[in-house]
Every structure is written in structure tokens, then in C-alpha cells.
Amino acid sequence: VLRPAERAVIKPVRQDVVEVVVASGTLRAVRQSMVGAESPGVVESLEVSEGDRVQQGELLGRLRLGETDARLAGGLAALRAAETTLRGEELQLEQANRDLRRARDLAARKLVPVAELDNAESAFSVQQANTDAARARLAEARAQVDQIRPEFGKREVRAPFNGVVIERMIEPGTSVSAATSWFTIAEMSATEIYVETDENNLGKLKVGQPAIAVAPAWPDQPFQAKLVQVGPNVDSERGVVGLRLTTGELPEFALPNMTIDVNIEVKRTTNGLALPSSAVSLRGQSAVLVVSNGKVERRRVEVIGSNPEWVAVAGIDADTMVLRDARGVREGQRIRPVSAATPAPPKP
């Protein structure tokens, strides 16, 4: 008579079983901007490259010297000449004023003829007009420089906010218009993870659920995330729905548009009786195989939580001996149960 085959049996263990929805997507900057010079010209220099982190106001590049620069130089020269002319006219006005006061004093004492006083008053009036004209020319020169200076500033491109250069569209020597974009900058202080998942998961997903995010290039450096938006639209052709997650503090390696895998915690069964997934049949009515008087017996259980490795069940007690692997065994089959070590649960 053939001896019954040996089969490994285990007891349920008490542990947390966390059910997750796994999805992949990208890390995206909530705000990004394309920047360039406000004037046309030829690119003289570029100070940053793709991947560089920049600070608000940092110089990114500039145009070559051109017509604007010559106009500004001419305007500054005219401004300096107007300032010099005005100083000269003001000195002459002070002298004309002294001469007029002296003539008035002498005329009052009848020491000079009235004609000499008239000449002094006329000279003062002429010099006053010359000085006023010099002041007007200075004001005009300043206005001209003030008009040109903003145009001069338009030849420089500066970062609009702290961020990362994710694209550089031009090279030094490129001819550009005022509408040409030079760089795309992403603000990494506000990011989101966008992923897509099967629409069958919609019933499990809720805003606020925690998640663990992992960049495949740095699998040993996971970081925290939280589900903040489900949908709102389902792609009916592909049967998927988009999800948005926010992150806490990002690791140093984080870059815009990098691939991110997320494990969204949709259910947690705390300190329940759990079995390895290989011990639970989920086809039809959930059940496990137990040993009774040397024979395999099918026993229904209620699944209260599951993930790919573990299933939390109700309907059996902690001392029940369950076949570790239900595959290839039929109900009523005689076996010889052999106690096996229950696989260690993963660390939370």
C-alpha cells in the first residue's frame, strides 16, 4: 500500500495585511515656464544647461551687443554732456545774480546810472533762460536713457523662480526673435506624481490614502506620497483612470518627468489571522485546505484583506493546520501533514 504523500501544513499568524494598488507614472512639476529674451538678436552666451538647478533672478543667458547698446551709450554720453552744461549755466546764473544785486545796491545809492542797472537785469534774465533751457535738456537726456535702459535689460534672460532647467532649446550664436523660447524651467518646490491604473480599482481608491513612491533608479530610497485626486475622467478605450499624488520632501535625486512607481495603501487589516496567498483559494468561494483524520478537507473562509503575498482571513482559528500550498491537492485526498515554518511577514 502506498503511503500518503507528505504535505507541508502551517498555522495562521497574526499580522497586519496591507492591500495596495500598484501603478507607475511620472514626477511632474506643478508649475513650469518657458523663458527667453524680450528683444530679438543673436545669442551671445548661455550660463546654464539642462538639469541645472537655478535660483530666482539668476542670469541664464544674454544677447550680443547691438543697436540698443549703441543707443544707450549715446544716451549716457548726452546725459553727461547735459549735466556738465547745466553746471556751467548754473555757475553763470549765480554770477549774474551777484552782479544784479550789486547793480541794485549802487543804483539805490545813485552811484551808477539807471542804464547799468537795466543791463544787469537783462543779463540775469537771459542767463535765467539759458539755465532753464539747460535743465530742460538734462531732463530730456535722462528721459531718453530711462527709455533705453529697459530695452537694454531685455537682452538678458533670468530665472523667473527657483527650479530646474529641463530643456534648453538654443545654443550660442542662434538668431532669435522676441517670441523665441530659450529654456523650460520647472519649479520643484511644488510637484505631483501622475499615474494611471485600471478602472477596476476605482472602488478601492479614495482621496487621502497614503502611498510609498519609489524611483526605479533608486529603489532603496522610497519617499512618502498621498493620493489627492482620482480621475475625473476614465479613458474608455484603454480602461484606465488617472491619479494624482502629492509628495512630502523630495530626495535630492528627484528630477522632473522621471519614472515613479507608487504603492497606494487602499486597505489595512490590523493584527488579523493571515496566511500566505498560496494557502488560500480565491476561486469562487474563498477557502483553505485543512487536514482532518489524515484527509484533506475544504473549509470556507472570509477574506478580509489581501495583497500578493498575504491574505487576512476569518472563519478559522489560530491553531488550524492549513496546507501551505493548496495547488495540486484535491478534497478527500489522504496526506501526511508535515509542519513547516510559516514565511516571515515583510517588515512594515
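Trainee: Where does threonine 269 lie?
Mentor: Threonine 269 is part of strand S13, which covers residues 259-276. Please keep in mind that this is a predicted model.

Trainee: Is threonine 269 buried or exposed?
Mentor: Threonine 269 is buried, because its relative accessible area is 9% and buried means under 20%.

Trainee: Which residues is threonine 269 in contact with, leaving aside its neighbours within four places in sequence?
Mentor: With those neighbours left aside, threonine 269 is in contact with Gln15, Asp16, Val17, Ile304, Gly305 and Ala312. For isoleucine 304 there is a further detail: its backbone oxygen lies 3.2 Å from a polar atom of the threonine 269 side chain.

Trainee: What about asparagine 271, where does it lie?
Mentor: Asparagine 271 also lies in strand S13. Its phi is positive, about 55°, although asparagine 271 is not a glycine. Most residues other than glycine have a negative phi. At 45% relative accessibility, asparagine 271 counts as partly exposed.

Trainee: Which other residue has a positive phi although it is not a glycine?
Mentor: Lysine 110 has one, of about 60°. Lysine 110 sits in the loop between helix H1 (67-108) and H2. Its relative accessible area is 74%, so lysine 110 is exposed.

Trainee: And the peptide bonds? Which residues does a cis bond join?
Mentor: Glycine 231 and proline 232 are joined by a cis peptide bond, with omega about 15°. Proline 232 has its place in strand S11. Most peptide bonds are trans.

Trainee: New topic: sheets. In what order do the strands of the open sheet come?
Mentor: The open sheet has 4 strands in the order S6-S5-S3-S8, and the pairing is antiparallel. S6 and strand S8 (175-176) are the edge strands, as each pairs on one side only.

Trainee: What holds paired strands together, in general?
Mentor: Strands of a sheet pair through backbone hydrogen bonds, either parallel or antiparallel.

Trainee: How many bridges join S5 to S6?
Mentor: There are 3 bridges between S5 and S6, which run antiparallel. Strand S3 (residues 41-46) is likewise joined to S5 by 3 bridges, and these strands also run antiparallel. S3 and S8 pair in the antiparallel sense over 2 bridges, and there glycine 41 stands opposite valine 176 in S8.

Trainee: Which residue in S5 is the bridge partner of serine 45?
Mentor: The partner of serine 45 is arginine 62. Arginine 62 also stands opposite glutamate 156 in S6.

Trainee: How many of the residues of S5 are buried?
Mentor: In strand S5 (residues 59-63), 4 of its 5 residues are buried, and the strand is described as mostly covered. Leucine 63 has a polar neighbour: its backbone oxygen lies 2.6 Å from a polar atom of the arginine 155 side chain.

Trainee: Where is arginine 155 found?
Mentor: Arginine 155 is in the loop between helix H2 (114-153) and strand S6 (156-158). Arginine 155 counts as buried because its relative accessibility is 8%.

Trainee: Let us turn to salt bridges. How many are there?
Mentor: The count comes to 20 salt bridges. One of them is formed by glutamate 19 and lysine 204, whose closest N and O atoms are 3.3 Å apart. Glutamate 19 lies in strand S2 (residues 13-35) and lysine 204 in the loop between strand S9 (183-198) and strand S10 (210-215), so the pair ties together parts that are 185 residues apart in sequence.

Trainee: Is glutamate 19 buried or exposed?
Mentor: Glutamate 19 counts as buried, at 16% relative accessibility. Lysine 204, by contrast, is partly exposed, with a relative accessible area of 36%.

Trainee: Which residue does arginine 238 meet in a salt bridge?
Mentor: The side chain of arginine 238 meets that of glutamate 196, at 2.9 Å from N to O. This pair links distant parts of the chain, 42 residues apart: arginine 238 is in the loop between strand S11 (218-235) and strand S12 (240-247), and glutamate 196 is in strand S9. Glutamate 196 is partly exposed, with a relative accessible area of 31%.

Trainee: One last example, please. What does glutamate 297 pair with?
Mentor: Glutamate 297 forms a salt bridge with arginine 299, with the closest N and O atoms 3.5 Å apart. Salt bridges that share partners also join Asp16, Glu265 and Arg268 into one network.

Note on methods:
Residues are numbered from 1 along each chain as its sequence is written. This is a predicted model: local features need pLDDT of at least 70, side-chain atom pairs count only at pLDDT 80 or more; totals for chains, interfaces and linings use all residues. Side-chain values use heavy atoms; hydrogens and water are left out. Buried means under 20% relative accessible area, exposed over 50%, partly exposed in between (1.4 Å probe, protein chains only). A polar contact is a pair of N or O atoms within 3.5 Å; within protein, one must be able to donate a hydrogen and the other to accept it, and residues adjacent in sequence count only if both atoms are side-chain atoms. A salt bridge is a side-chain nitrogen of Lys or Arg within 4 Å of a carboxyl oxygen of Asp or Glu. Two strands pair if DSSP finds at least two bridges between them. Contact means heavy atoms within 4.5 Å.
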